[in-house]
Amino acid sequence: MNRPHSRADHARRNTRRNPLRKSNSAQYENIDKQILALHQAMVKKLIAKPELRQHVIDTIELRYANGQLRHGGYLVWSCLMECIDDTPDSFIEGVLADTPQMRKLRRRTPFVNVLTEQEREQALLG
């Protein structure tokens, strides 16, 4: 007789296939720290250089139209970009929020090509 799999069984199988799915993985946490450091630099640059924002908005729209970004993620990124002028502190807090949702969204950031390679290296070095 087959018994239904529990959530624990399912989670165990998923972590064997993909060790990065394990939320307490040191490697996973290290990647999140690097991504956060890059986003700290990117939000500062997006606030300082408004001419970079349209590229981010275009990326958000294109990914959503192509099905590469779900509706919830689309709403989050769009709302954050809308508040950048009026409430830059809210923009910064939103992008850098330490929540599971924002950690996941930052991994597929629409802030592509905001930083130069030198700026990326500098952000990662601290």
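Me: Which residues does tryptophan 77 touch, if residues up to four places away in sequence are not counted?

Reply: Contact means heavy atoms within 4.5 Å, and by that rule Trp77 touches His39, Ile60, Leu69, Val95, Met102, Leu105, Arg106, Thr109, Pro110 and Phe111. This is a predicted model, where local features need pLDDT of at least 70 and side-chain atom pairs count only at pLDDT 80 or more, while totals for chains, interfaces and linings use all residues. Residues are numbered from 1 along each chain as its sequence is written, and side-chain values use heavy atoms, with hydrogens and water left out.

Me: How many residues does the largest nonpolar core have, and which have the most contacts inside it?

Reply: A nonpolar core is a set of buried Ala, Val, Leu, Ile, Met, Phe, Trp, Tyr and Cys residues joined through side-chain atoms within 4.5 Å, where buried means under 20% relative accessible area with a 1.4 Å probe, protein chains only. Here the largest one has 22 residues, and Trp77, Phe91 and Phe111 have the most contacts inside it. At least two residues of this core come from each of α2, α3, α4, α5 and α6, with α4 giving the largest share, 5 residues.

Me: Which residues of α2 are buried, and what covers them?

Reply: Helices are DSSP runs (H or I, at least four residues), numbered from the N terminus. In α2 the buried residues are Asp32, Ile35, Ala37, Leu38, His39, Met42, Val43, Lys45 and Leu46, and their cover includes α3 (53–65), α4, α5 (88–95), α6 and α7 (117–125).

Me: What lines the largest pocket?

Reply: On a 1 Å grid over the protein atoms alone, a pocket is an open set of points where a 1.4 Å probe fits, with protein on both sides within 12 Å along at least five of seven lines, and lining residues have an atom within 4 Å of a point. The lining of the largest pocket includes Arg63, Gln68, Trp77, Lys104 and Arg108, and α6 provides its largest share, 4 residues. The space in this pocket is about 280 Å³, a volume being the space filled by probe spheres set on the points.

Me: Which residues are closest to the centre of the second largest pocket?

Reply: The second largest pocket has a volume of about 190 Å³, and of the 11 residues that line it, Glu29, Asp32, Asp98, Arg103 and Arg106 are the closest to its centre. The most lining residues, 5, come from α2.

How values were computed
Buried < 20%, exposed > 50% of the residue type's maximum accessible area, 1.4 Å probe, protein only.
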